[in-house]
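Open the viewer and keep the selection tool at hand. This tour goes stop by stop.

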Amino acid sequence: YMKKYCPRFLAAFFFVLIFHRVFAQAPVISYPNNPTTPTYVYTAGSAISPLNITNTGGAVTANSLTTFSTNPSGQPYGIAYDPTTGDIITDDFTNGNVYRYSPSGVLLNTYSASIANGGPKDIVVDNSGNIFVANGTGANIVKITPSGTTTTISVTGSPAFGQPDGMSIDRSTGIIYVADQNSNAVYTIASGATTATVYKTGFTNLYGVTVNSSTGVVYVSEYTPQADIKQIAPGTKTVTTFISKAAGGFTDLRNLDIDAAGNLFVANYGNNSIDEFSPTGVFLGHIVTGLNQPRATAEDVFGNLYIANSGGGNIKEYSTAFYSINIPLPAGMSFNTTTGQITGTPTVTSPTTVYTVVGHNSHGSGYTTVTITVNPTAPTGTGDVTCGAGVVTLTATGGYPAGGTYSWYAASTG
């Protein structure tokens, strides 16, 4: 009996082992000659040879959920994407700190912004890299500059901040919106301003806020027992119910987020899920489930969604793409989110820049870097270059980009 079935058993065992080794692991990705030859140098106006990615690990898949990082002390409440670096910024409700993570989830910096335990709620990062933290216990907004300098922002007018919670930024104007749970009011902070002003009052159990940068419509969430989402029309500031408690199937809500297409992401605290709705309020699904007290989400420029999973003490990353890159490539170059291939013809010069590329699957994420420099096209020179007395006229034409300047140097030989 053993002789008859043992070979089959062993064959099945090795098949499962091989399957596990090949598929049950994160991707291991790299680009050719990288980092042995870490910098790819291109010329503006000239097509590049396609850069193809190599994966020696688990297969790359889309619609994957992974743990991006674990907060040092436990409870991330807010989360934001830094458009100047591609980093992810989060806070910690437990100890009042603010953390900066690289696109690969490595802790880069800890900001001790003099926020008390239980203070930090939500976070935004403006177009200049300044971090703004909703300080619930301090009843103010704490601003942290890229150099680490901190200042506080309070309200001009009434009502003053009571407990600011949700935050959002309009990327087109730089205006920051703040939702306050105690005053049940929405405030705005203009780009570069040192004070906040009242935008709209009269809500009940207010928590989250987000703004559509294309339309100017502001959306707010009200937590239980209201558990609904309202919208504020630009200009008139008329408030209407966008998604009711019954229509959304909500029990308790936290923060909101919106993508470039106008789709709304809801931290469904009562259902432990992230829910997506179309720009017209149509339910598109519980895109992420099985979370533990999700409080906020942030989306990078490539559609990756980062989730402050406060009850789990970690940050989750949900990716709809096979591959993603942390910051845009130079103009004229493109990144294929299905294959990871880099192609195109750069149309502008670009300084040496390190790009982080990520391949996703359900077992984790694989990271690699690619360093790219784009130089200008060399100009061509014409003219009479005869040695001896007299005037020599030289004319330079061409070069990339147009409108640049030329530097002339005088030299003589024998």
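Helices (H or I, at least four residues) and strands (E, at least two) are DSSP runs, numbered from the N terminus. Colour by these elements: the protein has 2 helices and 34 strands. This is a predicted model, in which local features need pLDDT of at least 70, side-chain atom pairs count only at pLDDT 80 or more, and totals for chains, interfaces and linings use all residues. Residues are numbered from 1 along each chain as its sequence is written, and side-chain values use heavy atoms, with hydrogens and water left out.

**Confidence**

Now colour by pLDDT, the predictor's confidence in each residue, from 0 to 100. The protein averages 87. A score of at least 70 is reached by 84% of the residues. Then select residues 13-23, where pLDDT stays under 50. For this stretch the model has 7 contacts beyond four places in sequence. Contact means heavy atoms within 4.5 Å.

**The whole protein**

Zoom out. Of contacts between residues at least 6 apart in sequence, 48% join residues at least 24 apart. Buried residues make up 47% of the 414 residues. Buried means under 20% relative accessible area, exposed over 50%, and partly exposed in between (1.4 Å probe, protein chains only).

**The largest pocket**

Select Ile169, Arg171, Asp257, Ile258 and Glu299. Of the 30 residues that line the largest pocket, these are the closest to its centre. The pocket holds about 600 Å³ of space. A pocket is found on a 1 Å grid over the protein atoms alone, as an open set of points where a 1.4 Å probe fits, with protein on both sides within 12 Å along at least five of seven lines; lining residues have an atom within 4 Å of a point. Grid points are joined across faces, edges and corners, and the volume is the space filled by probe spheres set on the points.

Which strands each supply at least two residues of the lining? They are E5 (79-81), E9 (120-125), E13 (164-169), E17 (206-211), E21 (256-258) and E25 (294-299). By class, the lining has 17 nonpolar, 7 polar and 6 charged residues. Ala, Val, Leu, Ile, Met, Phe, Trp, Tyr, Cys and Pro count as nonpolar, Asp, Glu, Lys and Arg as charged, and the others, Gly among them, as polar.

**Ser64**

Next, select Ser64, in strand E4 (residues 64-70). Is Ser64 buried or exposed? Ser64 is buried, at 3% relative accessible area. Leaving aside neighbours within four places in sequence, Ser64 contacts Glu317, Tyr318, Ser319, His360, Asn361 and Ser362.

**Salt bridges**

Side chains of opposite charge can pair when their charged atoms come close. A salt bridge is a side-chain nitrogen of Lys or Arg within 4 Å of a carboxyl oxygen of Asp or Glu. The structure holds 6 of them.

Select Asp87 and Arg100. Their closest N and O atoms are 3.0 Å apart in a salt bridge. Asp87 lies in the loop between E5 and strand E6 (88-91) and Arg100 in strand E7 (residues 98-101), so the pair ties together parts that are 13 residues apart in sequence. Asp87 is buried at 8% relative accessibility, and Arg100 is buried at 10%.

Last stop: Lys230. Its side chain meets Glu222 in a salt bridge (2.8 Å, N to O). Lys230 also forms a salt bridge with Asp228 (2.8 Å, N to O). Lys230 is buried at 16%, Glu222 at 2% and Asp228 at 9%.
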